[in-house]
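Subject: Structure handover and findings

Hello,

Here is the structure for you to look over. My notes come after it.

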Amino acid sequence: MTKPATPLYVVHESPIHGRGVFARRKIKAGERIIEYTGEIVDWEETCRRTAEKGGPINHTFFFTLNDGMLIDGGAGGNDARFINHSCEPNCEAMEDEGRVYIHALMDIEKGEELKYNYGLIYDERHTPAVKKAFACHCGAPTCTGVMLAPKKRSRKKQGPVPTAD
């Protein structure tokens, strides 16, 4: 009988936020570290669950898939839900046929915290209150101060679109 592989990571308190995931050994660039698991739900169910918990949508374990469905890491999820955001990530999330895997972007040293850029999309105005709710505490030199993806400028604001005559 083969012994199960030791996970590449360990979970404990993080200086960034709450719990974090840390390398148990050196992890090579490109290495798959963990799958982000949980129950697959639609947006309506996501909103219902968030409201039921009385929590803001900004503090959940939901991970959006390319097809619009979401993985609820808080329902049957694993330790991947504890990977924190950073403006200077050492990992990235990659979707493959409806499953999300966390991969190392670079070599990660033993004891180093695993981090990826959440790039959260928030369609409403990015008011000071919203930015405070989505505040980033990663401490990176290039920290933007917020976990939100930059808003895309609408065509209206970009000015007229040139046409060929």
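Below is what turned up, starting with the whole chain and moving to single sites.

First, the ground rules. This is a predicted model, so local features need pLDDT of at least 70 and side-chain atom pairs count only at pLDDT 80 or more, while totals for chains, interfaces and linings use all residues. Residues are numbered from 1 along each chain as its sequence is written, and side-chain values use heavy atoms, with hydrogens and water left out.

Overall layout

The chain has three helices and ten strands. Both are DSSP runs numbered from the N terminus: helices are H or I with at least four residues, strands are E with at least two. From the N terminus, the order is β-β-β-β-α-β-β-β-β-β-β-α-α.

Of the 165 residues, 32% are buried. Buried means under 20% relative accessible area, exposed means over 50%, and partly exposed is in between (1.4 Å probe, protein chains only). The chain exposes about 10900 Å², with carbon and sulfur atoms supplying 53% of that. Those areas come from the Shrake-Rupley method with a 1.4 Å probe; for residues, only the protein chains shown count as cover.

Contact means heavy atoms within 4.5 Å. Among contacts with a separation of 6 or more, 64% join residues 24 or more positions apart.

Cores

A nonpolar core here is a set of buried Ala, Val, Leu, Ile, Met, Phe, Trp, Tyr and Cys residues joined through side-chain atoms within 4.5 Å. The largest has 21 residues. Ile 27, Ile 33, Ile 83, Ile 108 and Leu 114 touch the most other members. Strands S2 (19–23), S3 (32–36) and S9 (99–104) each supply at least two residues of this core.

Ile 83 is worth a look. Leaving aside neighbours within four places in sequence, Ile 83 is in contact with Val 21, Ile 34, Ile 102, Leu 114, Lys 115, Tyr 116 and Tyr 118. A second, separate core has five residues, including Cys 87, Cys 136, Cys 138 and Ala 140.

Cysteines and the annotated span

Cys 136 is buried at 9% relative accessibility. Cys 47 is partly exposed at 31%.

UniProt lists residues 132–148 as "domain: Post-SET", from an unreviewed entry. UniProt positions are in the numbering used here, feature names are shortened, and annotations may be inferred rather than shown by experiment. In the model, the span is 12% helix and 0% strand, and its end C-alpha atoms lie 11 Å apart.

Ser 86

Ser 86 sits in the loop between strand S7 (84–85) and strand S8 (91–96). Ser 86 is buried, at 2% relative accessible area. Beyond four places in sequence, Ser 86 is in contact with Lys 115, Tyr 116, Asn 117, Cys 138 and Ala 140. The side chain of Ser 86 also reaches the backbone nitrogen of Glu 88 at 3.1 Å.

The S6–S7 loop

Asn 78 lies in the loop between strand S6 (70–72) and S7. Asn 78 is partly exposed, at 22% relative accessible area. A polar atom of the Asn 78 side chain lies 2.7 Å from the backbone oxygen of Glu 35. Not counting residues up to four places away, Asn 78 touches Ile 34, Glu 35, Tyr 36, Thr 37 and Gly 73.

Gly 76 is in the loop between S6 and S7. Gly 76 is exposed, at 70% relative accessible area. Leaving aside neighbours within four places, Gly 76 is in contact with Thr 37 and Gly 38.

Asn 66 is in the loop between strand S5 (62–64) and S6. Asn 66 is exposed, at 70%.

Glu 97 is in the loop between S8 and S9 and is exposed at 77% relative accessibility. Most residues other than glycine have a negative phi. Glu 97 has a positive phi of about 55° although it is not a glycine.

Best wishes

Conventions
Polar contact = N/O pair within 3.5 Å; in protein donor to acceptor, adjacent residues only side chain to side chain.
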